[in-house]
Amino acid sequence: MSCAELDQTLDQVQPGQSCRILRLTAAGSIRQRLLDMGLLPGRRIQLVRLAPLGDPLEVRLDAGDSFVAIRRQEAFHITVTLEACTPSR
C-alpha cells in the first residue's frame, strides 16, 4: 500500500492517530477560520477524541499544548496523510 493511498480527510482519521496536513479544500470564511486556528498545510496534528455524538472533533496541534475543536463538516475539508507516511526530517 503506498502512502498516496493513505491520504484521507481529517474526518476519517481515528482518535489517537497522528497525521500531517497536506491541503485545505475549503474556501471563503471556512478556509480562513481553519487557517486562523493554525490548521496549516505541513502542520502535524493528532485527533485526540470525538464528542459522544461524533461532532465536534478535538485536535492537538504539533503534539504540543494547543488544542482546537472543529466540526466534522470542517474536518472534511482538511486532507491529511498519516504520520507513518510522512518523510522524517
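## Salt bridges around E74

R33 is partly exposed, its relative accessible area being 35%, and in this predicted model its side chain meets that of E74 in a salt bridge with an N to O distance of 2.6 Å. E74 counts as buried because its relative accessibility is 3%, which falls under the 20% limit.

E74 also takes part in a salt bridge with R71, where the N to O distance is 3.2 Å, and R71 counts as partly exposed at 43% relative accessibility. E58 counts as buried because its relative accessibility of 19% is under 20%.

Q46 lies in strand β3, and its side chain reaches the backbone oxygen of G16 at 3.1 Å. When neighbours within four places in sequence are left aside, Q46 is in contact with G16, Q17 and S18 as well as with E58, V59 and R60.

The loop between β3 (44–50) and β4 (57–61) contains P56, and the peptide bond that joins D55 and P56 is cis, with omega at about 10 degrees. In general, most peptide bonds are trans.

## The β4–β5 hairpin

β4 and β5 pair in the antiparallel sense over five bridges, and V59 has V68 of β5 as its bridge partner. The two strands form a hairpin with four residues between them, and in the turn D62 has a positive phi of about 50 degrees. For residues other than glycine, a negative phi is found in most cases.

## The nonpolar core

The largest nonpolar core has 19 residues, and those with the most contacts inside it are L10, L39, I45, I78 and V80. Two or more residues are given to this core by each of β2 (18–24), β3, β4, β5 (66–70) and β6 (78–82). Nonpolar side chains tend to be buried together in soluble globular proteins.

Not counting residues up to four places away in sequence, I78 touches Q8, T9, L10, I21, R23, L24, L34, L39 and I70; L10 and L39 are, like I78, among the residues with the most contacts inside the core.

Methods:
Residues numbered from 1 in each chain as written. Predicted model: local features only at pLDDT ≥ 70, side-chain atom pairs only at ≥ 80, totals over all residues. Heavy atoms only, no water. Polar contact = N/O pair within 3.5 Å; in protein donor to acceptor, adjacent residues only side chain to side chain. Contact = heavy atoms within 4.5 Å. Core = buried A, V, L, I, M, F, W, Y, C linked by side-chain atoms within 4.5 Å. Buried < 20%, exposed > 50% of the residue type's maximum accessible area, 1.4 Å probe, protein only. Pairing = 2+ DSSP bridges. Salt bridge = Lys/Arg side-chain N within 4 Å of Asp/Glu carboxyl O.
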